[in-house]
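Here are my notes from a read through this one, point by point. Have the viewer open while you go through them.

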Amino acid sequence: MQLLDVPQLTADEILARVLHRDGLMLVIDKPAGLPVHRGPKGGPNLEDSFDALRFGLPRPPVLAHRLDKDTSGCLVLGRHRKATASLGLLFKHGKIGKTYWTVVEGGPAEDEGMIDMPLGRLNAERGWWQKPDPEGQKAITNWKVMGRGDGFTWLAMEPVTGRTHQLRVHSSATGWPIFGDNIYGNGPRFGEPKLHLHSREIVVPISRNKEPIRVVAPAPPHMHEKLRACGWNGE
């Protein structure tokens, strides 16, 4: 089903997605449907376009963290080895603020809350798939309702920990799966609706003596309709 994959980004297309650039890092707006890494079978991926993002440096930037293939929005890249190492430590120690916008089916009764639910691997065959597991790794998500409408809820979710598929499993196991989630929710295997999970904002305390860098990624087109139904004003 290669047809539904997002094509490789051209140099111009990835340059148009740069949201922030400084001497240490770039933040780009990742399109939904494009994996960040080159897979074993090849195919389009984000890394293969990084050469266009050198901006005069000898080497292309490197991923400082990951987003799922179907997630859109803020993705941080280190521009050189030292920067990538510093960013890696900030991510590892939970020093980077991350806010995701999601649209979920149904939704919570309350207006804000926290999910504290350890996660473990589903099984060996499905390497990345997760499940709630009391013996698993600690996983905590804070969430807040941004709007409601048409049987859906627009949430701002902040993963305190950074487990694989954390927001997707937490939402689903709490009874309000993310709209379009084809692993943990009711999304179709292929095609629309796409996963409604967007890395909206990232806050990076990159320099000790400076204010943290705050970057916001615009809501992706495939989420506009449901966000509007929940009261989003288009910004």
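**Notes on the predicted model**

1. Let's start with Leu26: at 0% relative accessibility, this residue counts as buried, the cut-off being under 20%. Leu26 sits in strand S2. Keep in mind throughout that this is a predicted model.

2. What does Leu26 touch, once neighbours within four places in sequence are set aside? The contacts of Leu26 are Val18, His20, Arg21, Leu53, Phe55, Pro61, Leu75, Val76, Leu77 and Arg79.

3. On to the nonpolar cores. The largest has 26 residues, and the members that touch the most other members are Ile28, Leu46, Phe50, Leu75 and Leu77. At least two residues of this core come from each of strands S2 (25-30), S4 (72-78), S5 (97-105), S9 (140-149) and S10 (152-159). Another core, of 15 residues, lies apart from it and includes Ala64, Ile96, Val204 and Ala217.

4. Ile28 deserves a click of its own. Not counting residues up to four places away in sequence, Ile28 touches Ile14, Arg17, Val18, Leu19, Leu46, Phe50, Leu53, Gly73, Cys74, Leu75 and Leu77.

5. Cysteines next. How many disulfides does the model have? With a cut-off of 2.5 Å between cysteine sulfur atoms, the count is 0 disulfides. Cys74 counts as buried because its relative accessibility is 0%. Cys230 is buried as well, at 4% relative accessibility.

6. About the annotation: UniProt, in an unreviewed entry, places "domain: Pseudouridine synthase RsuA/RluA-like" at residues 26-172.

7. H2 has 12 residues and spans 16 Å from first C-alpha to last, close to the 16 Å expected at 1.5 Å a residue. Which residues of H2 are buried? They are Ala83, Thr84, Leu87, Leu90 and Phe91. These residues cover an arc of only 120 degrees around the axis, so they fall on the same side of H2. On the other side of H2, Arg81, Lys82 and Lys92 are exposed.

8. What do the buried residues of H2 pack against? Their partners are S2, strand S3 (62-63), S4, S5 and strand S11 (197-204). After H2 comes Gly94, with a positive phi near 70 degrees.

9. Helix H3 (residues 166-174) has a run of buried residues: Gln166, Leu167, Arg168, Val169, His170 and Ser171. Gly175 follows H3, and its phi is positive too, near 105 degrees.

10. Now the backbone geometry I would look at by eye. Most residues other than glycine have a negative phi, and most peptide bonds are trans. Phe55, though not a glycine, has a positive phi near 50 degrees. Phe55 is placed in the loop between S2 and S3, and with 30% relative accessibility it counts as partly exposed.

11. Asp150 is another non-glycine with a positive phi, about 55 degrees. Its place is the loop between S9 and S10. Is Asp150 buried or exposed? Asp150 is exposed, because its relative accessible area is 66% and the cut-off for exposed is over 50%.

12. Where is the cis peptide bond with omega of about -10 degrees? That bond joins Glu192 and Pro193. Pro193 belongs to the loop between H3 and S11.

13. Last stop, Glu235, in the segment after helix H4 (221-229). At 63% relative accessibility, Glu235 counts as exposed. Leaving aside neighbours within four places in sequence, Glu235 is in contact with Trp101 and Arg200. The C-alpha atoms of Glu235 and Ser49 are separated by 28 Å, and the two residues are 186 residues apart along the chain.

Conventions: Residues are numbered from 1 along each chain as its sequence is written. This is a predicted model: local features need pLDDT of at least 70, side-chain atom pairs count only at pLDDT 80 or more; totals for chains, interfaces and linings use all residues. Side-chain values use heavy atoms; hydrogens and water are left out. Buried means under 20% relative accessible area, exposed over 50%, partly exposed in between (1.4 Å probe, protein chains only). A nonpolar core is a set of buried Ala, Val, Leu, Ile, Met, Phe, Trp, Tyr and Cys residues joined through side-chain atoms within 4.5 Å. Helices (H or I, at least four residues) and strands (E, at least two) are DSSP runs, numbered from the N terminus. Contact means heavy atoms within 4.5 Å. UniProt positions are given in the numbering used here, feature names are shortened, and annotations may be inferred rather than shown by experiment. The expected span of a helix is 1.5 Å times one less than its number of residues. The arc is that of the directions from the helix axis to the C-beta atoms.
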